[in-house]
Amino acid sequence: MTTQPLITTPFTAASTADDVLAGADLTGVRAIVTGAASGIGAETARALAAAGAEVTLAVRNTAAATAGPRSRVARLDLADPQSVRRFAQEWTGPLHLLVNNAGIVTGGPAYTAAGWELQFATNHLGHFALTTRLHAALARGAAERGEARIVAVSSTAHMRAGIDFADLHFTRRAYDPQLAYAQSKTANSLFAVEATRRWAADGIYANAVNPGGVATGLQRNFTTAQKESLAAAEAAGIFTYKTVEQGAATSVVAAVAPQFAHTGGHYLDDAQEAYTVPDDAELADHPHGVKHWALDPATAERLWTVSADLTGD
C-alpha cells in the first residue's frame with residue numbers, strides 16, 4: 001500500500017486571504033458563505049468578492065451583515081430546518097463554491113425544537129441539510145467550470161472527541177459543551193470525506209479546514225472553564241492567535257487554490273494538508289494534525305446515513 005504525499009501550498013500560518021487571492025480572477029464564480037456577518041466568515045466573503053466572485057452572505061441576523069460590491073445578504077438559520085429548506089428552495093442557478101463557515105459554541109445544555117443538541121444541529125446537521133439540498137446547484141456549477149468546491153470549517157477541537165453514535169445529543173451522558181463542540185467539528189471533517197466520495201463523479205469536491213485560533217464572536221458564550229481551557233492551550237503553545245485575515249486564509253486556500261482542484265476529503269491546517277495522527281494522540285503533541293476518526297471513510301458513511309435520517313435529506 002502506497003501513501004500519497006500530503007498536499008502543500010506556498011502559503012503559511014501568516015498568510016492572509018488576500019495573499020491567497022493575489023492575482024486571482026473569480027469573475028463568474030457564484031459563492032455562498034454561511035456565518036458571514038462577522039469574523040472569519042465576513043472576511044472570507046469580502047476577500048472572495050474582492051477577487052470578483054458573486055457572494056451570498058448566508059446569515060441568521062441579516063441586520064448584522066454588510067453587503068459590499070458583488071455580494072448580497074440572505075437569511076439562514078442553520079438550527080431551523082424550515083429556514084434551511086427555504087434558503088435552498090430560493091436559490092436559483094448554478095453554485096460554484098459553498099463555504100460552510102457558520103458555527104456556534106454553547107456554555108451549557110442547549111437543544112433545538114427537534115431535541116437535537118444545538119452545536120451538533122447547527123454546526124453539522126444544518127450544513128448537511130443545506131449542502132445536500134444544494135447538490136443540484138453545485139452539480140450545475142461543476143458542469144460550467146469543471147468543478148465545484150465545498151469548504152467545511154472544522155477546528156483543532158475535533159481532536160477532543162469522535163462521533164458518539166449511541167448518544168449524539170447528550171441525552172444519556174452528562175452534558176459537556178466542549179465535547180459537544182468537538183463532536184460537531186469532527187462531523188464537519190467527516191462530511192467532507194463522504195461528500196467527496198458520493199459527489200466527485202459530479203465534479204463536486206469537499207475539504208475541511210482548521211482556521212486556527214482567532215478571537216471572534218464564537219467565544220462570546222464561553223464559560224469560565226472554557227476560557228481557562230483556551231488560555232491554558234495558548235500558554236502551552238498549542239496555538240498562537242491569528243488575525244481574522246489570517247484565519248480566513250485556509251478557507252480560501254481550500255476554496256480556490258489549484259493544489260486542491262479535483263480532490264477532496266482532506267483536512268487543511270495553516271494552508272497545508274494536515275498529517276493524520278492516531279485517535280489516542282495528544283493535542284498538545286500534534287496541534288497541526290488531524291485524528292484518524294475525523295477522516296475515517298466508514299465513520300463518514302455512517303454519519304451521512306444517520307444525518308440523512310435525522311434531517312430527511
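These points describe the fold, surface and nonpolar cores of a predicted model.

1. Overall size. The chain has 313 residues, for which a compact globule would have a radius of gyration near 20 Å; the value for this chain is 18 Å, so the two agree. Along the principal axes, the C-alpha atoms fill a box of roughly 50 × 45 × 40 Å.

2. Secondary structure and contacts. The chain contains ten helices and ten strands. Of its contacts with a separation of 6 or more, 72% are between residues 24 or more positions apart.

3. Burial and surface. Buried residues account for 55% of the 313 in the chain.

4. Largest nonpolar core. This core has 47 residues, and Ile32, Leu95, Leu130 and Leu134 have the most contacts inside it. Elements that each supply at least two of its residues include helix H4 (118–133), helix H5 (135–145), strand S5 (148–153) and helix H6 (177–199). H6 gives the most, with seven residues.

5. Leu95. Neighbours within four places in sequence aside, Leu95 is in contact with Arg30, Ala31 and Ile32, and also with Leu134, Ala137, Leu138, Gly141 and Ala148. Two of these partners, Ile32 and Leu134, are named with Leu95 among the residues with the most contacts inside the largest core.

6. Second core. A separate nonpolar core has 37 residues, among them Val20, Leu57, Val252 and Leu268.

Technical notes: Residues are numbered from 1 along each chain as its sequence is written. This is a predicted model: local features need pLDDT of at least 70, side-chain atom pairs count only at pLDDT 80 or more; totals for chains, interfaces and linings use all residues. Side-chain values use heavy atoms; hydrogens and water are left out. Helices (H or I, at least four residues) and strands (E, at least two) are DSSP runs, numbered from the N terminus. The radius of gyration is taken over C-alpha atoms; the globule rule is 2.2 Å times the number of residues to the power 0.38. Buried means under 20% relative accessible area, exposed over 50%, partly exposed in between (1.4 Å probe, protein chains only). Contact means heavy atoms within 4.5 Å. A nonpolar core is a set of buried Ala, Val, Leu, Ile, Met, Phe, Trp, Tyr and Cys residues joined through side-chain atoms within 4.5 Å.
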